[in-house]
Amino acid sequence: MSKHSIEISGLAGTSAGAILAALACAGYDAEEIFSDKTGANILDRLDLDPDNLDAGQIKQPAKTPAKLFGDDAWFRLRLIRFLLARIWMLKVVGFTVLAIAVIGLWLFPQPALALLLATLLIATGAAIFFMRGVVSLDNVKTGLDQLLSVKHHGSRRGRPVTFKDLAEAGRLPLKIVAANITRQELTVFSAETSPDVAVSDAVCASIAIPGVFKPRRIDGNWFMDGGLVSNLPAWTFDDERSTDRDALTAAIEISVGGVKRPPQLAWTIGSAIRTMIFGSGILNKRGVDRLTSERLVVDLGLLDFDIGRTRAVEIVQKTETFCDGSLIARMIELPRSINDTCDAVSLKCHEFIEAAFAAAASPDRQFTTRIAIAIPIGPRNRTVRLEFSSGYADLSDERICLPLERSLIGDAWRQNETLYVSKSDEEVWNRSLSAPQDRWLRKLIWRDLSWVLCVPLEIDARTKVVVTLDSDVELDFDQDVQQELLDTLEALILKEFQFLRTVERELLNGR
């Protein structure tokens, strides 16, 4: 995104995303975090020499996660990964012990019972051991403290950088999500909620995968991986979006690909765990206005920290290409193109109406025309939003959300027919947005609105939009002239917006 000169207003992250968000907020750019040209990454900037305080010199670069974690911790991580990849071995051992114990209860009751009890004790001990975590994140915290200190203090051994430090330095707002297992609740670390907490502590809390990394203690509370409660924290900037309706939200969701299972296995313990961590994305995105989400499928395991620079470069380049063609296109380029088309069509409609007034001996009639595309919000198609438009910039109903059941747009939507309604037709006009719950919507409608033309456009069997054209001056022509004008406007709209059939469907369903 930085390569496209997009102004970023804030960053939030969970688990691995928390690491990237923290580094970016501290001032590291994409090239410093990982260069897809040279393969250099942020670990090359981390110095393991405890005596080096010079931020401009690196004596003993970490280079690899193995050196960052240390030999003992790295051995444990590899062992966990080995066992997780060969879970069938544990199943075989378990079934074998159980079979021996069951058969032995008839032949050799006492030894079999002893074997069964010993197995249960070993299994219980192993479960407790893994519940407490196997690998400490202390070295990761130390490394993060150093990297953040280089940007904030200009030294490798400054005091731990806090959320308050970043805010006072004018850095981007940073929000990190973790699971508070002491209070059994979700925690968002930020400059507002936890100003004095070290950013490194919050990141380590957010990446503490249960059973792998030891939980982190912050201010008397224990924390685990934020993915347990919110793996895609798109909602954390709700307050900022409520005061800036032009704000866009990009949500990057990562899932593991390349895992093929036999058709007969409907689910496994591993798939249940992955669902627990990654499966709540739809809830995390629900209600987030102007959201563009991207699901990146990578052929990596959860603990594949040692894939090598060549493989890492391939993944980053592939991901960047994919995001350029999908995320940036859907979030920036396509909306701009659609709005440009709205401008062009609105101008053409204005010219047609202007010509009609001139033909009716009213050449100096001053009026405003507006055009908008109403798209459905959510899967239930109960509301629409005027997502793309022209002529709404200074008016209160820009990007307004309207109920399909009680609006003129909804009438055209349900009947799937073009609808023209004038304010002079009081019975039909006043029926729109007449329910008590529509009181606030009525206040937002353009006060000078005189008529509206709603043209439904079916994109496919599951996607429909309504293009609306309206103005502040009544079309006071005789019936035949008016109908001819409306037919011309409808044909123009249907022709010019045919290109929406080629647009990605997600763009035409409420973001």
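I began at Gln184, which is found in the loop between strand 2 (174-180) and strand 3 (185-189). I take helices (H or I, at least four residues) and strands (E, at least two) as DSSP runs, numbered from the N terminus. The model is predicted, and I therefore kept to its limits: local features need pLDDT of at least 70, side-chain atom pairs count only at pLDDT 80 or more, and totals for chains, interfaces and linings use all residues. Residues are numbered from 1 along each chain as its sequence is written, while side-chain values use heavy atoms, with hydrogens and water left out.

**Positive phi**

Most residues other than glycine have a negative phi. I noted that Gln184, although not a glycine, has a positive phi of about 55°, and that Gln184 is exposed at a relative accessible area of 64%. For accessibility I use buried for under 20% relative accessible area, exposed for over 50% and partly exposed for what lies in between (1.4 Å probe, protein chains only). I then looked up Ala361, in the loop between helix 14 and strand 8, where phi is positive again, near 65°; Ala361 counts as exposed, with 66% relative accessibility.

**Helix 4**

I compared the length of helix 4 (residues 71-85) with expectation: at 1.5 Å a residue its 15 residues should span 21 Å, and the end C-alpha atoms are 21 Å apart, which agrees. The expected span is 1.5 Å times one less than the number of residues. The buried residues of this helix are Ala73, Trp74, Leu77 and Ile80. Seen down the axis of helix 4, they fall within an arc of 120°, so they line one face of the helix; the arc is that of the directions from the helix axis to the C-beta atoms. Asp71 and Phe75, on the other side of helix 4, are exposed.

I followed Trp74, whose relative accessible area is 11%. Leaving aside residues up to four places away in sequence, Trp74 touches Pro65, Ala66, Phe69, Phe305 and Asp306, where contact means heavy atoms within 4.5 Å. Trp74 and Phe305 lie 231 residues apart in sequence, with 9.9 Å between their C-alpha atoms.

Next I traced an open sheet of six strands in the order 10-9-8-13-12-11, with antiparallel pairing. Two strands pair if DSSP finds at least two bridges between them. Its edge strands are strand 10 (401-403) and strand 11 (419-422), each of which pairs on one side only. Neighbouring strands are turned by 25° against each other on average, direction ignored; axes are lines fitted to C-alpha atoms, for helices over the stretch in contact, and angles run from 0 to 180 degrees between N-to-C directions.

Strand 8 (residues 369-377) and strand 9 (residues 383-390) run antiparallel and are joined by seven bridges, with Ser390 in strand 9 as the bridge partner of Ile371. Helix 14 (residues 327-359) packs on the sheet, touching strand 8, strand 9, strand 12 (451-460) and strand 13 (463-471), and its direction makes about 75° with that of strand 9.

**Cysteines and the whole chain**

I found zero disulfides in the structure, a disulfide being a pair of cysteine sulfur atoms within 2.5 Å. Cys25 is buried at a relative accessible area of 2%, whereas Cys401 is partly exposed at 34%.

Among contacts between residues at least 6 apart in sequence, 67% join residues at least 24 apart.
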